[in-house]
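Open the model in your viewer and keep the selection panel at hand. We will go stop by stop.

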Amino acid sequence: MTASPRSPKTARRLSELAALVGGEVIGDGSCLIDGVATLEDAGPGQLSFFGSPKYKRALAASKAQAVLVPKSFVRVDGPLTLVRVESPHLAFARVAQEFAPAQRFVPGVSPAACVDPSAQIDASATVLPGAFVSALSKIGARAVIGPGCFVGERATIGDDTRLVANVSVLHDCSVGARCLLHPGVVIGADGFGFAFDPSVPAHVKIPQTGIARVEDDVEIGANSCVDRSTTGETVVGRGTKIDNLVQVGHNCRVGPLSILCAQVGLAGSTELGTGVMMGGQAGSAGHNHIGDLAKIGAQSGVLGDVADGAELIGSPPMPVRDFMRVAAVLDRLPEIHKHVRALERRLAELEKEREKP
Amino acid sequence: MTASPRSPKTARRLSELAALVGGEVIGDGSCLIDGVATLEDAGPGQLSFFGSPKYKRALAASKAQAVLVPKSFVRVDGPLTLVRVESPHLAFARVAQEFAPAQRFVPGVSPAACVDPSAQIDASATVLPGAFVSALSKIGARAVIGPGCFVGERATIGDDTRLVANVSVLHDCSVGARCLLHPGVVIGADGFGFAFDPSVPAHVKIPQTGIARVEDDVEIGANSCVDRSTTGETVVGRGTKIDNLVQVGHNCRVGPLSILCAQVGLAGSTELGTGVMMGGQAGSAGHNHIGDLAKIGAQSGVLGDVADGAELIGSPPMPVRDFMRVAAVLDRLPEIHKHVRALERRLAELEKEREKP
Amino acid sequence: MTASPRSPKTARRLSELAALVGGEVIGDGSCLIDGVATLEDAGPGQLSFFGSPKYKRALAASKAQAVLVPKSFVRVDGPLTLVRVESPHLAFARVAQEFAPAQRFVPGVSPAACVDPSAQIDASATVLPGAFVSALSKIGARAVIGPGCFVGERATIGDDTRLVANVSVLHDCSVGARCLLHPGVVIGADGFGFAFDPSVPAHVKIPQTGIARVEDDVEIGANSCVDRSTTGETVVGRGTKIDNLVQVGHNCRVGPLSILCAQVGLAGSTELGTGVMMGGQAGSAGHNHIGDLAKIGAQSGVLGDVADGAELIGSPPMPVRDFMRVAAVLDRLPEIHKHVRALERRLAELEKEREKP
């Protein structure tokens with residue numbers, strides 16, 4: 001009804017796939033490949049990749065038909081056919097996309113969807129049963145609005161973008177082209193802004209009249225939230241990838257090509273430059289600027305600005321090497337404390353003796 | 001279909017707005033104001049606010065028509081029209097509300113909603129397409145039940161409360177008047193309670209037969225959860241504001257007028273007094289009491305009770321000044337450790353010499 | 001329409017309930033019990049439990065009709081009727097289940113649900129209005145698919161499993177028998193996998209062609225997510241219980257009978273053994289193995305493998321006793337730092353004097 005069943009996998013010659021990723025085959029390029037898998041899971045007909053020396057044992061034991069390896073890889077004896085490439089991980093992604101079943105959707109608006117007559121829906125778009133598309137919204141070419149999705153008034157959904165299921169994109173917000181929003185994503189809920197009035201007493205709501213704007217090629221994981229701004233825009237930049245259960249507060253600007261792992265939280269007005277990476281459960285206090293290409297480790301708590309290219313972890317964040325060194329001795333802190341007091345006593349004793357005539 | 005388009009902004013005289021917030025105009029009170037914005041974003045016709053000395057530069061550069069300033073503010077030369085008020089932040093909230101577009105909903109139950117005949121729905125309430133309203137539930141005056149929202153059996157939704165979209169309020173739970181529940185909120189999922197039975201083995205579910213009760217004037221952010229209690233009630237008190245992705249465990253009592261920032265987690269039976277604030281990603285172990293007006297910083301881990309008015313941060317939580325001082329030297333811990341051992345050696349040397357005849 | 005109203009509570013003799021849990025009544029076993037409650041909330045006709053010495057005062061003050069106590073419990077004077085059992089907590093769970101109102105659902109597919117003709121739905125299953133059941137999926141006996149739930153293509157839902165509301169189980173994934181998935185749960189969203197291509201530049205998606213498989217007797221809390229794997233399976237093992245807002249990354253294997261408290265995050269390929277417990281907001285970096293029966297405290301950050309039976313807390317995780325000792329002195333670190341420098345100066349002074357002729 002909604003999508004065709006998975007397309008059958010079509011086998012391709014290894015030499016053809018190698019050419020696709022600019023790779024050099026070491027072995028028999030005429031063998032057929034019909035899928036990809038990890039070194040451990042791969043079997044005959046499957047292509048795998050070797051990206052890190054720590055998987056050397058898995059490589060030796062792999063039953064894969066062929067393996068993508070770095071250009072620097074020195075041939076070891078064995079039956080494996082190899083494909084030398086610049087980046088095995090990237091080449092794996094490219095080849096995997098060749099075999100990934102495409103979900104195809106029949107264009108058209110389901111009669112079981114609820115669509116306002118003033119909504120502009122491209123003829124090639126798909127609106128599935130149970131979707132709700134509000135007045136004056138726009139749905140782009142080949143876009144898919146899944147079951148239980150809510151598109152608010154005047155919201156726009158770009159070409160080739162898919163809202164999988166139970167996604168909410170609230171009024172006036174926009175999502176760019178080629179985006180993928182997983183179930184439960186909420187774009188444009190009110191930012192969290194209140195002013196306390198002691199005379200009532202009450203927290204008085206500061207109306208959140210801005211929007212959230214998600215640029216092209218963004219993926220947002222299940223149940224993640226991007227709040228609308230107080231005024232102006234909250235922005236998730238082009239090509240940024242966001243994992244599940246992430247919070248992007250109001251007025252944040254998440255630079256292009258950034259990576260936010262699961263459960264990251266960005267307080268209001270946080271700015272991330274280009275290509276920033278934040279590990280799982282990391283957070284940033286509001287109004288910080290995190291510079292281009294900075295890497296913030298998991299569970300870190302960013303309290304101030306972070307320089308371009310910095311690699312920090314912890315709370316407070318520190319260089320990774322420092323963090324590991326602190327982690328290695330932290331449990332000895334009580335002993336250090338005790339030791340210092342013992343040294344104090346012994347030193348005082350010596351000092352006292354010195355005073356003696 | 002569901003709501004009228006935004007009402008056009010109507011310009012108001014500054015003097016009139018100043019009167020509304022008990023402010024004194026320094027400059028031309030007859031100028032027209034048609035909106036609000038931050039110091040940086042504001043332009044002609046817009047009112048802004050100056051709440052903290054750290055925005056002094058932004059104030060000097062602002063193109064706002066007028067700016068709300070504290071009563072203590074000393075006039076500096078410049079073209080800006082000022083409005084002196086007790087709290088610029090609060091006055092800004094009040095004025096912003098004047099200009100915020102009201103979303104108006106046509107009363108009535110959509111034929112595309114699924115409503116049990118035994119549900120009591122006020123004639124002025126709106127139930128939008130795709131909503132599901134169960135048996136014996138009650139929907140108050142002017143309440144709005146958005147698309148994809150689920151109201152369980154015997155649940156009650158108060159007057160003027162809005163469930164935006166894809167909100168679930170489960171059976172027997174209640175939400176008060178003038179509440180705003182953002183998309184994905186879940187009220188009344190089962191609390192997390194199991195007893196281990198080694199003879200099976202299995203975790204045996206402790207039925208969660210209590211409810212969750214949300215009092216009046218509460219706002220709850222996207223994808224936040226308030227669990228039902230084991231027996232009795234989980235309570236979110238009057239006027240409390242909860243941000244996105246927050247977890248309120250079973251049997252918690254969150255005092256009135258509290259503020260829970262994004263991704264806060266309260267384990268079961270946590271009690272928060274009046275006006276408690278918890279920063280983003282902070283958590284509390286179960287059965288703790290956090291006193292009135294306590295402030296718990298972001299990412300803190302509350303392990304025990306917290307006194308009224310305490311301001312703590314960290315894990316374990318400590319006074320903010322202590323936290324900052326610890327943060328400032330934490331990365332030197334390995335060096336301190338090394339230093340202490342060196343002192344030990346040197347001291348032992350001296351002690352040894354002392355023993356010499 | 002969807003479920004019968006709560007069944008009225010039926011009173012049972014205490015002796016009968018005691019027999020059910022293998023308990024010995026101390027007092028009048030003929031009294032009638034019609035429900036359960038905590039020591040504080042319980043009144044006449046209600047059974048409570050005493051599981052920990054810290055509730056001694058609550059026990060003394062309790063108005064419960066009878067109280068489940070450990071076998072070791074020594075009778076104290078007072079009017080309370082007691083029931084001695086192996087585990088009061090477990091016995092309480094068993095008795096509470098006797099009184100818990102069963103929600104009964106009328107079998108059948110609602111005409112207001114959207115169900116693909118190729119879906120196999122057991123005649124005893126219930127598909128409620130607003131549910132969406134895709135092609136080639138299977139819904140087991142007595143299963144309940146609630147409003148706003150999405151079941152993807154070829155997905156399977158086991159016997160007696162309930163998807164409460166707004167739950168998404170994506171294509172090809174499976175949920176076992178007797179599972180309970182609370183509102184907003186997402187099973188099978190894409191794992192978070194990208195390879196960076198500097199030539200575009202872009203994060204290239206690694207297709208997530210595996211599945212997520214949830215075994216029998218699993219409960220998953222509101223808005224929690226279990227991602228599908230890159231290839232192969234993400235697994236949540238039999239009898240595991242997951243709280244709200246938890247993230248289980250792609251290719252994780254969560255062993256049977258594990259407990260994940262709210263807001264826990266497991267990065268990709270984390271493996272949990274049997275009976276692992278993780279406290280609220282704890283996280284694990286990817287590719288770690290956490291051994292059988294390990295207990296990881298709240299907010300911990302697991303950086304490496306954890307041995308069977310280990311009980312750790314903190315970041316880095318350490319034994320609980322160590323953690324408490326570190327926590328007790330952490331705020332004195334600045335003072336220790338200062339002290340060490342003072343000792344250095346005093347020691348240098350003594351050393352200098354020693355040099356003197």
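Start with chains B and C. Superpose chain B on chain C: a turn of 120° with a shift of 0.0 Å along the axis does it, at an RMSD of 0.1 Å. That is how a three-fold axis relates its copies. Keep in mind that this is a predicted model.

Now select Gly148(B). Within chain B, its C-alpha is the nearest to the axis, at 3.5 Å.

**The side of chain B that touches chain C**

On chain B, 60 residues take part, and they meet 59 residues of chain C. Which elements of chain B give two or more residues to this side? Colour strand 22 (194–197), strand 23 (202–205), helix 4 (320–329) and helix 5 (333–355) of chain B. Helix 5 of chain B supplies the largest share, with 8 residues. Next, colour this side of chain B by residue class. You get 30 nonpolar, 19 polar and 11 charged residues.

Two packed helices are described by an angle and a distance, both taken between their axes.

From helix 5 of chain A, pick Leu333(A), Pro334(A) and His337(A). From helix 4 of chain C, pick Arg325(C), Val326(C) and Val329(C). By class, the contact of these two helices holds 4 nonpolar, 1 polar and 1 charged residues.

**Chain A as a whole**

Hide the other chains and zoom out. Chain A has 5 helices and 40 strands. Why does chain A count as more spread out than a compact globule? Its radius of gyration is 27 Å, well over the 21 Å that the globule rule gives for 357 residues, so chain A is more spread out than such a globule.

Turn chain A along its principal axes. Its C-alpha atoms fill a box of roughly 100 × 80 × 30 Å. Colour by burial next: 57% of the 357 residues of chain A count as buried.

Take contacts between residues at least 6 apart in sequence; 20% of them join residues at least 24 apart.

Notes. Residues are numbered from 1 along each chain as its sequence is written. Chains are lettered from A and ligands numbered from 1 in the order in which they are written. This is a predicted model: local features need pLDDT of at least 70, side-chain atom pairs count only at pLDDT 80 or more; totals for chains, interfaces and linings use all residues. Two residues are in contact if their C-beta atoms, placed from the backbone, lie within 7 Å. Helices (H or I, at least four residues) and strands (E, at least two) are DSSP runs, numbered from the N terminus. Ala, Val, Leu, Ile, Met, Phe, Trp, Tyr, Cys and Pro count as nonpolar, Asp, Glu, Lys and Arg as charged, and the others, Gly among them, as polar. The radius of gyration is taken over C-alpha atoms; the globule rule is 2.2 Å times the number of residues to the power 0.38. A residue is buried if 20 or more other C-beta atoms lie within 10 Å of its own, exposed if 12 or fewer, and partly exposed in between; C-beta atoms are placed from the backbone. Copies are superposed by least squares on the C-alpha atoms of residues with pLDDT of at least 70 in both.
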